[in-house]
Amino acid sequence: MKIKALTVRILKQLLNDKRTIALIVVAPIVVLSLVYYVLCENTTEYTVGVINAPKDFLEEIENTDDEDNIVKTKYVDPKDIEKEIKQGEIIAALDMDDDLKKVKIYIDGTDNTEAKKVISLIKSAIMSSSIDNSKENIENMKEGISELKESVKDISKLNPNMSADLNIDEIDLENIEFTETNFDTDYIYGNENQSMFDNYAAPLVGIIVFFFVYLLSGINFLTERTSGTLEKLLSTPIKRSEIIIGYVLGFSILALVQTILITLFVVYGLGVTQVGNIGYVLLVNLLTSITALILGMLLSTLANGEFQFVQFVPIIILPQVFLCGLFKLTGVFAVISKFIPLHYTTHALKEVMLRGNGISYITSDLLALVGFSALFIILNIRLLKKQRDV
């Protein structure tokens with residue numbers, strides 16, 4: 001009976017908590033639906049730059065039978081290839097002979113999986129175009145040989161001895177050998193042997209920093225509230241803004257140490273690809289940790305206990321992981337990703353770690369993180385107002 005009474009009490013307590021009910025019923029469905037639509041996005045669009053290519057090849061690659069991958073082409077100047085790839089305007093560039101014997105491919109290998117897919121699409125289109133050209137050439141040869149045979153017959157009527165030296169029947173069109181296409185691939189970023197972990201290491205660094213700092217700050221700030229320390233501070237003349245900034249600076253020391261340890265371990269301990277300035281990587285991760293720190297404090301203000309605070313993880317953190325750029329996004333998901341902090345973290349880390357770009361390429365990302373931090377601080381100050389007698 002005691003066990004039954006305890007069980008009934010816990011069930012009633014959970015059923016009276018609307019947030020818990022939402023977590024049990026709604027959150028898993030929302031998260032799973034998000035994962036499904038992000039990972040099962042039907043169509044991926046690639047833009048390939050063209051320096052020189054025959055018209056029939058361009059028609060072949062743009063009208064591929066692969067419904068999951070759409071390839072668009074645009075002509076580019078050879079000197080602008082690296083610039084176009086850096087800016088994300090194109091994923092690859094092509095320079096080939098009209099007879100498709102020599103093909104030069106410039107590719108963005110920051111995501112080796114995507115790079116190999118694009119190279120495969122290019123080679124498939126070249127093969128199809130070559131086969132079509134070969135069939136057309138063989139038909140032309142057959143037609144030419146037929147005409148030649150007719151001419152030989154006419155000649156044989158005039159000079160039977162000459163026709164004996166022209167044995168047209170020995171020509172075997174079925175066993176004609178064609179020269180294979182010579183491919184030369186130049187990786188502007190990354191390399192052919194880049195591992196799967198290297199593809200995801202840059203954004204994962206930011207995600208891990210964000211998640212652990214969020215937990216660190218949120219749980220500690222929640223402890224300050226539940227222990228009565230924050231309430232005592234609110235009863236003093238100290239301003240709400242000073243309280244928030246003081247907590248942010250205090251927690252930032254721990255966040256900074258954790259950020260440095262995670263970054264250095266991933267780069268030097270695991271040896272992931274890092275071609276940019278390590279200082280910029282630390283800067284991005286530091287701003288990410290501050291944003292996560294303030295967000296953790298904000299959400300802990302809305303929670304009545306640690307259990308409720310942890311409930312925000314599948315609602316606030318998980319969607320950001322799938323929408324931050326860890327996976328290729330298109331359509332509405334690409335638009336939504338612009339409104340989450342981790343999007344700017346992952347973009348900046350990719351630019352520095354995988355492409356070796358400098359501060360000018362990540363300035364907008366850094367400003368976005370600062371903007372999110374400022375927004376969260378303002379919301380924190382407003383929420384503290386409810387806990388203080390004005």
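This is a predicted model: local features need pLDDT of at least 70, side-chain atom pairs count only at pLDDT 80 or more; totals for chains, interfaces and linings use all residues.
**A walk around the model**

Numbering runs from 1 along each chain as its sequence is written, and side-chain values use heavy atoms, with hydrogens and water left out.

Switch to cartoon and you have 15 helices and five strands to look at (DSSP runs: helices H or I of at least four residues, strands E of at least two, numbered from the N terminus). Of the 390 residues, 40% are buried (under 20% relative accessible area, 1.4 Å probe, protein chains only).

Next, select helix 3, residues 55-62, and show Phe57, Leu58 and Ile61, which are buried. Look down the axis of helix 3: its buried residues fall within an arc of 100°, so they line one face of the helix (the arc uses directions from the helix axis to the C-beta atoms).

Now for the largest pocket, about 1,500 Å³ in volume. A pocket here is an open set of points on a 1 Å grid over the protein atoms alone, with protein on both sides within 12 Å along at least five of seven lines; lining residues have an atom within 4 Å of a point. The volume is the space filled by probe spheres set on the points. Select Gly325, Phe327, Lys328, Leu329 and Lys350, which of the 48 lining residues lie nearest the centre. Finish on helix 14 (341-354), which gives the most to this lining, with seven residues.

How values were computed:
Buried means under 20% relative accessible area, exposed over 50%, partly exposed in between (1.4 Å probe, protein chains only). On a 1 Å grid over the protein atoms alone, a cavity is a set of points where a 1.4 Å probe fits but cannot get out, and a pocket is an open set with protein on both sides within 12 Å along at least five of seven lines; lining residues have an atom within 4 Å of a point.
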